[in-house]
Number of protein chains: 2
Amino acid sequence: MPWRDGTGPPWWHGKIKGCGYRLTAPRQAILDVLSKTSKHPSAEEVYLEVHKVYPAIGLTTVYRTLELLVQAGMVYKFDFGDGRARYELSEGPKNIGHHHHLVCTGCGRIIDYTDFIDEEIELLKRTEKGLSKKYNFRIKNHLIQFYGLCEKCNTK
Amino acid sequence: MPWRDGTGPPWWHGKIKGCGYRLTAPRQAILDVLSKTSKHPSAEEVYLEVHKVYPAIGLTTVYRTLELLVQAGMVYKFDFGDGRARYELSEGPKNIGHHHHLVCTGCGRIIDYTDFIDEEIELLKRTEKGLSKKYNFRIKNHLIQFYGLCEKCNTK
DNA sequence: TTCTTTAATGAAAAAGATTATCATTATCGA
DNA sequence: TCGATAATGATAATCTTTTTCATTAAAGAA
């Protein structure tokens, strides 16, 4: 499972070790699941999926590992307003690159979008620079989300 | 307490009634507290504050009322990543107007900023228009947040 | 003003997500 | 291969938020 295909070890191999963490089977299984989905699974959803190939894993380990990966910058943690945290691999072969989310408040559907990202980045850069200076704030990250109703929920 | 000063009933009076809700003492007390703070209190913090002037109020009512006010568009609900929801009056005399937040991941401090808002609004408008069309998504709201370290946490 | 309807409230319990505890296991450098 | 110790998993605990249900009170009608 550690090898994604025949071309070598997964990209996260070095990252994990680089941070001084051990590369364990549960961690690899979790990363494997995250790298194969285009959804935004909650901790429990990750657990259920990992459990299929690694039944010995506990929910606690999933929570711990996800938090570790967030700290290591390998995973993003989101709140879409449904009372549980949701996770997404920050980079990888299958990833669509930097993007933001449309959140349907009707059905909870999440749409990843990359449109207008360049303009956003441009504005964010300027804003970050200005805010850093004015408030002496070292900005590390940003979050942009749109809320509304998706096609289905809108026509109901 | 329903009257903020001598100039008449608070602005929310009509809003509450307009939505078909009853104007009760607990609701007025909660709105009163929200209108007097520039912080971003959690439900419990609102409860503790309201409790000072209205000791009979229950935490349940605070949760219910805040949710109602969010639904009515009179209050915004935020997640700053500390595991509890935080609330803010959406408009009012004391309000600084449309703004976004800088979130310090070190100490949890929140800075409201209005800088660059015009440019942000401009971009958001264009983005909203484009996304609405492309994904048939009716956008109702947006969220922008910056995460990082405030002056104090940065120099530690 | 008094009455009546029904929304709103509060106490307590329940639910749901996440975290702490601790004995056991497994990684990985020496 | 061995040993130090990081990581794990089961369980219990914590914490926020929601549900339940009997009681109270707001506001229009009489």
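Helices are DSSP runs of H or I with at least four residues, strands are runs of E with at least two, and both are numbered from the N terminus. A residue is near a strand if its C-beta atom, placed from the backbone, lies within 6 Å of it.

The model is predicted: local features need pLDDT of at least 70, side-chain atom pairs count only at pLDDT 80 or more, and totals for chains, interfaces and linings use all residues. Residues are numbered from 1 along each chain as its sequence is written, while chains are lettered from A and ligands numbered from 1 in the order in which they are written.

Next, display the 24 residues around DNA strand C, of which A:Leu23, A:Ala85, B:Pro26, B:Gly58 and B:Thr61 come nearest. The elements giving two or more residues to this surface are α4 (59-71) of chain A, and α2 (25-36) and α4 (59-71) of chain B. Colour the surface by class to find nine nonpolar, nine polar and six charged residues. Here Ala, Val, Leu, Ile, Met, Phe, Trp, Tyr, Cys and Pro count as nonpolar, Asp, Glu, Lys and Arg as charged, and the others, Gly among them, as polar.

Now select both protein chains. Chain A is superposed on chain B by a rotation of 180° with 0.0 Å of shift along its axis (RMSD 0.1 Å). That is the relation of a two-fold axis. The superposition is by least squares on the C-alpha atoms of residues with pLDDT of at least 70 in both copies. To locate the axis, select A:Ile144, whose C-alpha comes closest to it among the residues of chain A, at 2.3 Å.

Turn to the boundary between the chains, where 33 residues of chain A are in contact with 33 residues of chain B (C-beta atoms, placed from the backbone, within 7 Å). On the side of chain A, β5(A) supplies the largest share, 12 residues. By class, that side has 15 nonpolar, eight polar and 10 charged residues.

Select β5 in both chains: 11 bridges join these antiparallel strands, and strands pair if DSSP finds at least two bridges between them. One pair to highlight is A:Ile139 with its bridge partner B:Gly148.

Finally, select A:Asn136, in the loop between α5 and β5 of chain A. Although not a glycine, A:Asn136 has a positive phi of about 50°.

Key: Contact = placed C-beta atoms within 7 Å.
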